[in-house]
Amino acid sequence: MLGRRFAFGGDYNPEQWPAEVWPEDVSLMNRAGVNLASVGIFSWARIEPRDGEFDFAWLDEVLELLHAGGVRVDLATATASPPPWLLVKHPEMRPQLEDGTRLSSGSRQAYCPSSPVYRRHAERLVRAIVDRYADHPALELWHVNNEYGCHVSHCYCDASADAFRVFLRDRYGDIDRLNEAWGTAFWSQRYDSFDEILPPRSAPTFKNPTQLLDFDRFSSRELLECYRAEVRVIRERSSVPITTNFMGFFKAVDYWAWAPEVDVVSDDSYPDPADPLAPVFGAMQRDLLRSLGGGKPWLLMEQSPSAVNWRERNAAKRPGQMRAWSYQCVGRGADGILFFQWRQAKAGAEKFHAGMLPHGGTDTRVFREVEALGAELASLASSGLLGSRVEADVAVVFDWDSWWALEQEAAPTRLSYLEGVFSWYRALAAAGVTVDFVRATDDLSAYRLVVVPHLLVAGDRQLEALDAYAAAGGTLIATYQTAVTDEDLHIRTGGYLGVLQDTLGLWVEEFTPPAAPDLAARGGTPPPALAVEGDVLGGRAEAGLWAEVVRVTAARVEAAFVGGVEAGRPAVTSNARGAGSAWYVATQLSDDALLHLVLHLAELAGVERLPRVDGVEFVRRGGLLVAVNHGEEAVTLDEPGEDVLTGAPGRELELGPQGVAILRQAHCGDLDGTRRARLE
Amino acid sequence: MLGRRFAFGGDYNPEQWPAEVWPEDVSLMNRAGVNLASVGIFSWARIEPRDGEFDFAWLDEVLELLHAGGVRVDLATATASPPPWLLVKHPEMRPQLEDGTRLSSGSRQAYCPSSPVYRRHAERLVRAIVDRYADHPALELWHVNNEYGCHVSHCYCDASADAFRVFLRDRYGDIDRLNEAWGTAFWSQRYDSFDEILPPRSAPTFKNPTQLLDFDRFSSRELLECYRAEVRVIRERSSVPITTNFMGFFKAVDYWAWAPEVDVVSDDSYPDPADPLAPVFGAMQRDLLRSLGGGKPWLLMEQSPSAVNWRERNAAKRPGQMRAWSYQCVGRGADGILFFQWRQAKAGAEKFHAGMLPHGGTDTRVFREVEALGAELASLASSGLLGSRVEADVAVVFDWDSWWALEQEAAPTRLSYLEGVFSWYRALAAAGVTVDFVRATDDLSAYRLVVVPHLLVAGDRQLEALDAYAAAGGTLIATYQTAVTDEDLHIRTGGYLGVLQDTLGLWVEEFTPPAAPDLAARGGTPPPALAVEGDVLGGRAEAGLWAEVVRVTAARVEAAFVGGVEAGRPAVTSNARGAGSAWYVATQLSDDALLHLVLHLAELAGVERLPRVDGVEFVRRGGLLVAVNHGEEAVTLDEPGEDVLTGAPGRELELGPQGVAILRQAHCGDLDGTRRARLE
Amino acid sequence: MLGRRFAFGGDYNPEQWPAEVWPEDVSLMNRAGVNLASVGIFSWARIEPRDGEFDFAWLDEVLELLHAGGVRVDLATATASPPPWLLVKHPEMRPQLEDGTRLSSGSRQAYCPSSPVYRRHAERLVRAIVDRYADHPALELWHVNNEYGCHVSHCYCDASADAFRVFLRDRYGDIDRLNEAWGTAFWSQRYDSFDEILPPRSAPTFKNPTQLLDFDRFSSRELLECYRAEVRVIRERSSVPITTNFMGFFKAVDYWAWAPEVDVVSDDSYPDPADPLAPVFGAMQRDLLRSLGGGKPWLLMEQSPSAVNWRERNAAKRPGQMRAWSYQCVGRGADGILFFQWRQAKAGAEKFHAGMLPHGGTDTRVFREVEALGAELASLASSGLLGSRVEADVAVVFDWDSWWALEQEAAPTRLSYLEGVFSWYRALAAAGVTVDFVRATDDLSAYRLVVVPHLLVAGDRQLEALDAYAAAGGTLIATYQTAVTDEDLHIRTGGYLGVLQDTLGLWVEEFTPPAAPDLAARGGTPPPALAVEGDVLGGRAEAGLWAEVVRVTAARVEAAFVGGVEAGRPAVTSNARGAGSAWYVATQLSDDALLHLVLHLAELAGVERLPRVDGVEFVRRGGLLVAVNHGEEAVTLDEPGEDVLTGAPGRELELGPQGVAILRQAHCGDLDGTRRARLE
């Protein structure tokens, strides 16, 4: 984006303010270093105040002012929220909940993604906007819709039912194949024709799991179809890059399918500033975004300059925290830092959401921090960060199908897919290991270690790829609840895991998740907590949530359960497989034990590890080592090189709370693309 | 009411019992001292068993019996709960929830307040009742409907939508003004005509805040229109006083608008007998009721003789507790004590709700306490309490708009308006200070201190009135979240507070509410709790829920935040303003700190303070000092004067748990209406 | 069943698997000792894939294979879950929730029990099945529907409304009687005709309690009508015994009304293996099942071989636990042990529910335990257990009307009927006392002690029977909340209890349930917990949940409340009544105090008591003493006789965790039917 500058700016909603304010906006944008503004995201009702009548005069003026002020424009297609007149005219377009409740206008995103009415009107609107602005000199980027699926990802209306049937016909061809895949012989659910199928509306008890999974797949796909339809219209007239803003780990939308269809990956990110785990979760989110784009630079399309307004309690960002988190993004591959929104709103549901220009005006901490960051980013244009890549030795397999399926009801125990992945990410981050996210079928050959947490839903192709990775010399780690089913959610009978049984040298006889502590304590003394023990874990450790009966065929037991009926059963195993090895982890380890295991594995696999300093995040991008102190205390770094922000040497470099250093380290200057060589 | 007697009695529902029981009822009422009975509140289905057919014979007989027994009648208009036949005939009259659910008959109050069908049938019923009984010799009072809005305050049906549109046309005139007020430029919510507007039905996410606020205003107004319509019918034929029973701090109904339209303010009050804070909350409720009527005597229309039936656990009142709470009402301005209900029901949803005449009959504690109270109140007829007023030096601004708005979603943090007000009331009560409730635009000149908690929604007129109060010599205290918006819920940009910035000598830069403790503790040690420190608070104190960045322009910092990023920021400030002063409190203080501050302010402002004895409530009415011991232990009073209940001297007067004394104190005998003189 | 063998087997759903698997199924069934398979429970959609088209070929083959393998068949009527095509064709058949939500197909049991469409199609299906298989040689038992009401027990649709009106006309005859019974004079609920009555749909607040109770009665009755309709069709052609599987203490269905209509009582039972109270709750459930059939042997129709899949956390059964629980059933009267299901499912909502043949195959703990139990039960065929009865000296009155009513809203406090009953059962079990469940109007003369917990709803006939029992020499114990109302839920005024006032020698003045501890602690120190004291309780004990004011007329106070306002009031009383005595317990005693009281009462009444060993359950059936060690530790028994399982002597018999012994004790060999003699 923007050639050789970091993009800097935010959502700009001039329609919320009188035109007199607009010139001041542009002038203050200049002062703050804003070079990119997202315009028109919620302007449908303003642009098309009545069916088919378009009013672009105001937008012409806004774009002209921005252009004159040197601010480039990320122009929205304005389809994110249909105007009231459209819902009044076509009430059938309203989203429908699974219990039949219809959602009305009066907030935002009130449309069924499958609604032909919505799509027809959205396309007409996009065409009008593209016709008018395709050649506008300020245009830098097209911003399609906004946060697809944020509030309405699944719709259960009749139009959705029709579309779901089309999806299923495509997927299964004939009804017998669907009946087989969905296991409809169970509970007398057999369909005699596609016409009998409905979305998984409210039902007396547990719904068909494969129907639910297919409905998740369908819903993600329908949103993508909305996106694709807009892209087609844009491409009739414009070759300007296109994006739509993702939302990090957003369950309802499988971004692996979306990423190839955007020209620029962009992300909205709102961690809770008061959450001590937010920095490491944030790092994980940045790594996902970079990975979605195959390592390409991406844009932080939205973050809040300080507090948001939609939690029960909305903490403000501490002094320096917004800057620190911005550099986390830059370090992890972002080429732009943008905010929601430019001028804090005066009315509406987000008036308490911070803005770059707060209610209090320019004499405020928030505006000063924005201004300073804008200037600082401008100064870093030629630092080597911009446009460069982040390298990782380790990959974590992330899979939306498994996310959807693992969190279905009627499971062995209630698990959180994201918590499971995050526990591994935390351990890897604490060990100083940089991570990419991948799919099992991606090219894994460049990674020294591949972690596969809870890949519940796994097709043969995926399992064969993982096995091949290990056989070719990689180190594979799979956790409990991996490859329990195939893509149809059919159990892999005979011990689960499919071909991974050979890879891992074991099979699983039975799941034995521990009871909830409060239940186990009924009627007297609670049983001792589940524990595991093994050198690779640093001794004995608590293990919550999960246990299972592992039957080792070839594997070596690295750690075992202790106490209770699980005593002595394998908890962590390793197995030689071809030129590599494969590990299995049969429980949820405590953070400490997992860190111990990760350090052991990293050592074994020869994984590069960054420095480890309490509270400090490190990441290497384009030969620069970015350090961010998220802790409450100042720390002293002791690294080679010098800080490009201050010129200070990396040795004995003091970093206060929220402090950032970007160290240019001579020996890493030219490693881009030569990583394998460096490591050998 | 009732000339020179305290009203005493309760709801009387003879239709629940065979006619043979009625003479016994009247005879026992006489024994219990009952002189007023509320009749017919839920009699619609009995009076009008079929559409347009009226049966008054039974009611004639009941009124005749009561009249013969000397019991006066508070006659209901019987519109509180429509009969099943009406809902079967007109299902469109059923209330509709925001998700579209329709509510059926089978409980009570099943009508949409805006329903033309309901209103037409209700008016016909009222006319029939008034025609028949307007001149009945037993008639003392008209009781319109019952607990308006108790279960159905907001209806989302199409009839409500129509009425809402009428309300909005009246309020805004044209749709552009509404769009401006509602901030519909946000999230593409612009309306092209009033016809597109709906009640705030279920929507994908946060609804338009001003729409919500207007819907609250509308809903309170629609209920008032129901009341007004009945009053109009009554006034066609009768000049007997009219009331409808309020419900204290009832969020859905803005009683400031209602109070001028009732001839007698009356209240239903059901604090939990097991709640240790109930006595002080009860006192606050009595003070509101008195204040609604501008200080006029009011009626306790309903309380329970002992337990209620609608909580999860329904504690009985302890021996003496009903009497103690009754005197709380009398001390705070009530001229009548009534109950729900006379004879404990044998069937139906309230059969476990206590009655004056319990299931167990007359040989019961409850009946004996009722009987004793009836006799005692009769003996107090000429004590000087009846008809006299309570005087207060301090006023607390109470505002329904701010209540509605402060508790909307999408706010800086989840706050309870009533908890905020109650924290001040508790401190004032603990300091021995009597309080009136007021609106900001009322005449405040008689008050030495005015507290303004969380007046979130404040028009210029209100702020100017508060400023003028301070400038004229008053002491004004405003808390955080005051004057954040105007009446349209538009932010007062540039530091909030509007003209109060000058009054207080400060502006507010940013809200920084603290994180929830459980979140802040994630991943390690929890941060220290937010604290404040200052002499006016008695040193250091914890401060929960709220913090903000106050920017002092002229104010003096009386207390400051300590520790963390807030360290040193102003928490309590004072400012000279004309002949008076203005204080600002920027956090939620602990009870101890707030009491310390209140004592300081009362001292400064020369506020009269009543005695302070642990567990004992004091209030002065008509020259008599009423003392009620709510504590678990006996206490000894040491006051001048003598107890009119027992003749005992106030010096060394022992007061057991739930004990009451009413001290006639010579030097206060003639202060009515001469308060200002006394204080100077 | 099955002549002189224990039934052993489970649900068999061959339609979930390819036909190639079926012969292996039968072969493995033989290996596991399976002699009874429940077939076709969810086969409607397979048997009738299109309206009126039946396909029996597959089922012919399955039955033939089973028959050839010597496995008898419990053949389902297949009506438990209608196929999608039926709901698509007749959407009016969908169940409706009280808020109007309609439930769709896609899970199971999606039908309104009152739907004429459902019933017509179900009867046609049953007729087709009976026509085809009535004379099949493998047929052992008819299995009507499945778990009636499990997910849809109450339907609020218009068809249900019609049926409810028919039910009410039958019950009340005319509308005046209904109005009287329902107390519709309260809250203006009077009905002018039956046509105005609806199911208790969503309403503004508490619904009419008697309407709710009648709707519970109606809903249980409608399900029974579904059952009866199928039985009528079967009986047109077949005299093979009929069952339908009960679900133990299932609130929605009053099994007292059902039990006389099944030829074999059968039960589905899924206690949580991780719940330490599950063994004693399980014992209570077995005793209910035996009692429903009047002491006849019954079948455990479904249990899980290990984990289930529908809890939040689904613990596996520990080694031996399935066997131990199976013997609990056998000891308490079961003549068969069956499972859900034979082969663990590969797809669908229950794929994680354990099967006799697990995902892992035959080399698994679960299959080995199934196989061993099958063999062991076969070896016990002539042990004397099969077909014999269990004798009990003590009866507990269990009453669905009181269950429904006690747990309605708008009660003195939130109570659990089942918790109350279970607290008595736990104490009786801990005292070594075997229990039958009865209705108050059953013949009680054979019992030495009858416990009546919370018989809230009690008609005169019931109370007279209980009084007569005591007067004839029995020992009667009634608890708080007994006989508070009659069958119409009308209060028994004048002190509650009706004629039991004479039996017990007391009346109840007022209910005074204690406050919730968290409320009572508001604003300072919490009050001391409610306590009681008396020799019969072993001294002083805590008492939670309930207190009341008991007024003794003739009774002796055995224990009293201590402390607080309840101090000195009676808590436990006894009263001589004719040749017997009657006790009253006015609070919820702690487990210890209740055990003390039960031991005292058992002593007084001369009740037989079994051995008491920590963690070990004992029960005597057919002259054999069954002992099951549910504890975590091994214990040593010291009983006469020898273990029929091992031949070991009962003296110094070691029983490990989950261990079972069945002691043949000479002196008890011939006591069947001679119990009274033995005891005298």
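How much area do chain A and chain B bury between them, and what share of it is on carbon and sulfur atoms? Some notes on that and a few other spots follow; keep in mind that this is a predicted model.

1. **The A/B interface, overall.** To take the opening question: chain A and chain B bury about 4,800 Å² between them, and 59% of that is on carbon and sulfur atoms. In terms of residues, 56 of chain A are in contact with 53 of chain B.

2. **Charges and polar pairs across A/B.** The count across the interface of chain A and chain B is 4 salt bridges. Polar contacts between chain A and chain B come to 23 residue pairs, both residues at pLDDT 80 or more. On the side of chain A that touches chain B, helix 2 (44-47), helix 4 (84-89) and helix 12 (365-379) of chain A each give at least two residues. Sorted by class, that side of chain A has 24 nonpolar, 16 polar and 16 charged residues.

3. **The C/A interface.** Here 56 residues of chain C are in contact with 53 residues of chain A. The area buried between chain C and chain A is about 4,800 Å², with carbon and sulfur atoms giving 59%. C:R313, C:F352 and C:H359 supply 15% of what chain C buries against chain A, more than any other three residues. There are 4 salt bridges across the interface of chain C and chain A, and C:D363 with A:R551 makes a salt bridge at 2.8 Å, N to O. Polar contacts across the interface of chain C and chain A number 23 residue pairs, both at pLDDT 80 or more. Helix 2 (44-47), helix 4 (84-89) and helix 12 (365-379) of chain C are the elements giving two or more residues to the side that touches chain A.

4. **Salt bridges inside the chains.** Over all chains the count comes to 153 salt bridges. In chain B, B:R124 pairs with B:E48, their closest N and O atoms being 2.7 Å apart. B:R124 sits in helix 5 (residues 116-133) and B:E48 in the loop between helix 2 (44-47) and helix 3 (57-68) of chain B, so this pair ties together parts that are 76 residues apart in sequence. Is B:E48 buried or exposed? B:E48 counts as buried because its relative accessibility is 0%, while B:R124, at 33%, is partly exposed.

5. The side chains of C:R343 and C:D25 meet in a salt bridge at 2.8 Å, N to O. They are 318 residues apart, with C:R343 in the loop between strand 9 (334-339) and helix 12 and C:D25 in helix 1 (residues 21-32) of chain C. C:R343 is buried at 15% relative accessible area, and C:D25 is buried at 0%.

6. **Another pair in chain C, and a network in chain A.** C:K89 forms a salt bridge with C:D51, the closest N and O atoms being 2.7 Å apart. C:D51 is partly exposed, with 28% relative accessibility. Over in chain A, a network of salt bridges links A:R119, A:R221, A:E222, A:E225, A:R228 and A:E261.

7. **Backbone spots worth a look.** The peptide bond from A:F340 to A:Q341 is cis, with omega near -10°, and A:Q341 is in the loop between strand 9 (334-339) and helix 12 of chain A. The peptide bond from B:F340 to B:Q341 is cis too, with omega near -10°. Then there is A:A78, with a positive phi near 65° in a residue other than glycine. A:A78 lies in the loop between strand 3 (72-76) and helix 4 of chain A and is buried, at 1% relative accessible area. For B:A78, phi is near 70° and relative accessibility is 0%, so B:A78 counts as buried.

8. **A buried aspartate.** C:D488 is in the loop between strand 13 (475-479) and helix 16 (500-504) of chain C. Why does C:D488 count as buried? Its relative accessibility is 11%, and buried means under 20%. Setting aside neighbours within four places in sequence, C:D488 is in contact with C:Y172, C:R177, C:A181 and C:T210.

Technical notes. Residues numbered from 1 in each chain as written. Chains lettered and ligands numbered in written order. Heavy atoms only, no water. Contact = heavy atoms within 4.5 Å. Buried area = accessible area lost by both parts, 1.4 Å probe. Polar contact = N/O pair within 3.5 Å; in protein donor to acceptor, adjacent residues only side chain to side chain. Helix = DSSP H or I, 4+ residues; strand = E, 2+ residues; numbered from the N terminus. Nonpolar A, V, L, I, M, F, W, Y, C, P; charged D, E, K, R; others polar. Buried < 20%, exposed > 50% of the residue type's maximum accessible area, 1.4 Å probe, protein only.
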